[in-house]
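Trainee: Can you walk me through this one? I'd like to ask as we go.
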Amino acid sequence: MEEKRFNCKMEDVPVVAGFVFESFEKDKADFVKYSPIFADPFLANGQAKQTECYGMIKSGDVLKQQKAVKDQIDARLGDLRVSLNQVEGYLKLAAGTLDINDFGLKTIRAAISNDNVEKTIVEGRSLIANLKRNEAALKAKGMSDDHLSTLTTVVNTIDELNTGHNTKKNERSRASGNSIKTFNELWDLTGTILDAARAMYRGVDEVKLKEYTLASLLKRVHNSQTPATDKPDTEPKK
């Protein structure tokens, strides 16, 4: 995954860029005179990249969706524990008439406690298969079709939710990687303007220079009331 080339919050990057583009538009003649790279469509390309950043899915939003799915999984695991208690009761009643002694309840409960969802699913499906094979003996002791149906539904639901959870993990990773790459590109473009502004205005026009100083720009973003302190060494690095 590409690493961030900016030290501020991700959501600050397009805002800072907006302030810089606003000043750049007013001083465009100075920049074009300084270097032809700032001629059209430099500004339009920068604004398009800014719009792209604003529109990107934030990995934090995907994280919220991922957490919501995890909460649903946890709830269904709780339902599974209850189902296991009921199954255990019937297994004890039917002891001696079943074709195996160990139905793996202890293993499933340990998997749930360890938050090992994949093992819970595998062992849950094994349990269902063993119960179906011994269905006649268990029904004779009172286990209804609903008990087996409920258990099957719970395990299937956990499986589906877990697949969705893993999908969200992958989506979050992709969104984060794609976002960082695009935000880095906007940051580098913004830094090109700031570097040129320092070269043109330092010692010549301190008022304009302040508009292109990152420390001052970040204070504008956060509506700080403290006096701005220009720190050229905090500018974006290429």
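Mentor: Let's start with a pair of helices. The crossing of H1 and H10 is right-handed. Keep in mind that this is a predicted model.

Trainee: At what angle do H1 and H10 pack, and how far apart are their axes?
Mentor: The angle is about 115°. The axes of H1 and H10 are 10 Å apart.

Trainee: What do we call that arrangement of H1 and H10?
Mentor: Roughly perpendicular. The class runs from 65 to 115 degrees, so H1 and H10 count as roughly perpendicular to each other.

Trainee: Why give an angle and a distance?
Mentor: Two packed helices are described by the angle between their axes and the distance between those axes.

Trainee: OK, how do H1 and H3 pack?
Mentor: Their angle is about 160°, and their axes lie 10 Å apart. Angles over 145 degrees count as roughly antiparallel, so that is the word for H1 and H3.

Trainee: Which hand does the crossing of H1 and H3 have?
Mentor: H1 passes H3 in a left-handed crossing.

Trainee: Tell me about H1 itself. How many residues does it have?
Mentor: H1 has 15 residues. From its first C-alpha to its last it reaches 22 Å, close to the 21 Å expected at 1.5 Å a residue.

Trainee: Which residues of H1 are buried?
Mentor: The buried ones include Val13, Pro14, Phe19, Phe21 and Phe24. Asp12 and Ser23 are also among them.

Trainee: Let's zoom out. How many helices and strands does the protein have?
Mentor: There are 10 helices and zero strands. Read along the sequence, the pattern is α-α-α-α-α-α-α-α-α-α.

Trainee: And what share of the protein is buried?
Mentor: Buried residues make up 39% of the 238 residues.

Trainee: Which residues touch the most other members in the largest nonpolar core?
Mentor: Phe31, Ile193 and Tyr212 do, in a core of 29 residues. H1, H3, H8 and H10 each supply at least two residues of this core.

Trainee: Which helix gives the most to this core?
Mentor: H8 does, with 10 residues.

Trainee: What about a second core? Which residues does it include?
Mentor: The second core is separate and has 28 residues. Tyr90, Leu98, Phe103 and Met143 are included in it.

Trainee: Is Cys8 buried or exposed?
Mentor: Cys8 has a relative accessible area of 10%. Buried means under 20%, so Cys8 is buried. Cys53 is buried as well, with a relative accessible area of 4%.

Trainee: Let's look at H5 and H6. How do they pack?
Mentor: H5 covers residues 105-113. It packs with H6 at an angle of about 155°, with the axes 9 Å apart. That angle is over 145 degrees, so H5 and H6 are roughly antiparallel to each other. Their crossing is left-handed.

Trainee: How far does H6 reach?
Mentor: H6 spans residues 117-133, which is 17 residues. It reaches 24 Å from its first C-alpha to its last, close to the 24 Å expected at 1.5 Å a residue.

Trainee: Which residues of H6 are buried?
Mentor: Val117, Ile121, Gly124, Leu127 and Leu131 are among them.

Trainee: On to the loops. What sits between H5 and H6?
Mentor: Asp115 lies in that loop. Its phi is near 60°, a positive value in a residue other than glycine. At 40% relative accessibility, Asp115 counts as partly exposed.

Trainee: Which residues does a cis peptide bond join?
Mentor: Asp40 and Pro41, with omega about 10°. Pro41 lies in the loop between H2 and H3.

Trainee: Last one. Where is Thr213?
Mentor: Thr213 is in the loop between H9 and H10. Its relative accessibility is 3%, so Thr213 counts as buried. The C-alpha atoms of Thr213 and Arg198 are separated by 8.1 Å, and the two residues are 15 residues apart along the chain.

How values were computed:
Residues numbered from 1 in each chain as written. Predicted model: local features only at pLDDT ≥ 70, side-chain atom pairs only at ≥ 80, totals over all residues. Heavy atoms only, no water. Buried < 20%, exposed > 50% of the residue type's maximum accessible area, 1.4 Å probe, protein only. Core = buried A, V, L, I, M, F, W, Y, C linked by side-chain atoms within 4.5 Å. Helix = DSSP H or I, 4+ residues; strand = E, 2+ residues; numbered from the N terminus. Expected span 1.5 Å × (residues − 1). Axes fitted to C-alpha atoms, helices over the stretch in contact; angles between N-to-C directions. Parallel < 35°, antiparallel > 145°, perpendicular 65-115°, else oblique. Left-handed = near helix turned anticlockwise from the far one by under 90°.
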